[in-house]
Amino acid sequence: MTRALSFIQPTGDVHLGNFLGALNQWTLGQHDVDGFYGVCDLHALTVTDTPSVIGQNTVKLAAILFAIGLDPDVSTVFVQSHVPEHAQLGWVMECIVSFGELSRMTQFKDKSAKREGEFIAAGLFTYPALMAADILLYDANEVPVGDDQRQHIEITRDIAIRFNSRFGDTFVVPKAVMPKTGARVMDLQDPTSKMSKSAATDNGLIYMLDDPTTILKKFKRAVTDSDSEVRYDRENKPGISNLLEIQAAATGRSPEDIAAGYTQYGPLKVDTGEAVIELLRPIQARYNELMTDRAQLSALLRSGAAKARATAAATLERAYNNIGFLPL
Ligand code: AQP
């Protein structure tokens, strides 16, 4: 059976881009794969320095993962720091990737530029090595992610291939899997930039826990394009195409088909907002229920970590043996 693995960082409130690009794929595909899904709190440490924030965000994010429909009897849902093999294989990966490869990662360039003059953790630079370890530990064939993760999956493949040729066949070489629509949801106020937790303002972000009035207001204020034709054309009509793609991802239709039903921007904005409200409504209700029983959430995560650890420990041992470390 195909093995899938994907993570989300507890670096802020989860938004519609995270959901349509990644989380929704995890739930929709969970019965067709052996899925490992989690909260990568070690990665969040690259940009978070306030005590307790990562832990608080992790609980909320875990509740979201169950609220979207990940079934703990079907998928393994866990927190990265609960499985120490991630950090252990992460170091090995740092020794398999080169400084030059890490220097070319656009996410490092973007995130370090945003933090100019501030503390820039070395972990922000070596992050792709830990991410490679996350994926390779589980022999994942597929990594369901949004389009912004393409370069990270490419470097993971390069690392796996290099390790296998240096130390013998050890890791499965994974591939990225992206949804047909929603792989790159753009900021509603700046449709040329991706919707991102670390955006300067949240006016263009739809959070998964935003109330219906806020969601509708943000859609009504979405920036559109200069002429008034409703047409799916990402290059020349980024604002309208983003709305069409969001509505398509929320309803399972195609953006072109949706565009054919509109002659004005106003109704498109309202209908897209309403489709998103209906998509998020049951998730928000389940989230609120789950957050009232923290003991149950912790129990679910403990059992997820135990399952994840069994797989991760076997892969780490295989890697150590193939490297030829002296056995204990
Ligand atoms: N705008 C987006 N459209 C589609 N998919 C997206 N993802 C993120 N933004 C979009 C996907 O969400 C998953 C989890 O993302 P992450 O938390 O690991 O970090 P990220 O990719 O760096 O996402 P953000 O929201 O932009 O966070 P910050 O601001 O912390 O960098 C991934 O599969 C990602 O592709």
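**A tour of the ligand site**

Select Lys197 and the ligand: a polar side-chain atom of Lys197 lies 2.4 Å from an oxygen atom of the ligand. That is a polar contact (a pair of N or O atoms within 3.5 Å; within protein, one must be able to donate a hydrogen and the other to accept it, and residues adjacent in sequence count only if both atoms are side-chain atoms). The protein covers 97% of the 640 Å² of accessible area that the ligand has on its own, by the Shrake-Rupley method with a 1.4 Å probe.

A note before you go on: this is a predicted model, where local features need pLDDT of at least 70, side-chain atom pairs count only at pLDDT 80 or more, and totals for chains, interfaces and linings use all residues. Residues are numbered from 1 along each chain as its sequence is written, and side-chain values use heavy atoms, leaving out hydrogens and water.

Next, click on Ser196, where a polar side-chain atom is 2.9 Å from a ligand oxygen. Then try Gln149: an N or O atom of its side chain is 3.2 Å from an oxygen atom of the ligand.

Now show the 24 residues around the ligand; His15, Asp148, Lys194, Lys197 and Ser198 come nearest. Here, a residue counts as near if one of its heavy atoms lies within 4 Å.

Last stop: select Asp210, in the loop between β5 (175–177) and α9 (212–220); helices (H or I, at least four residues) and strands (E, at least two) are DSSP runs, numbered from the N terminus. The Asp210 side chain reaches the backbone nitrogen of Tyr207 at 3.0 Å. Is Asp210 buried or exposed? Asp210 is buried, with a relative accessible area of 11%; buried means under 20%, exposed over 50%, partly exposed in between (1.4 Å probe, protein chains only).
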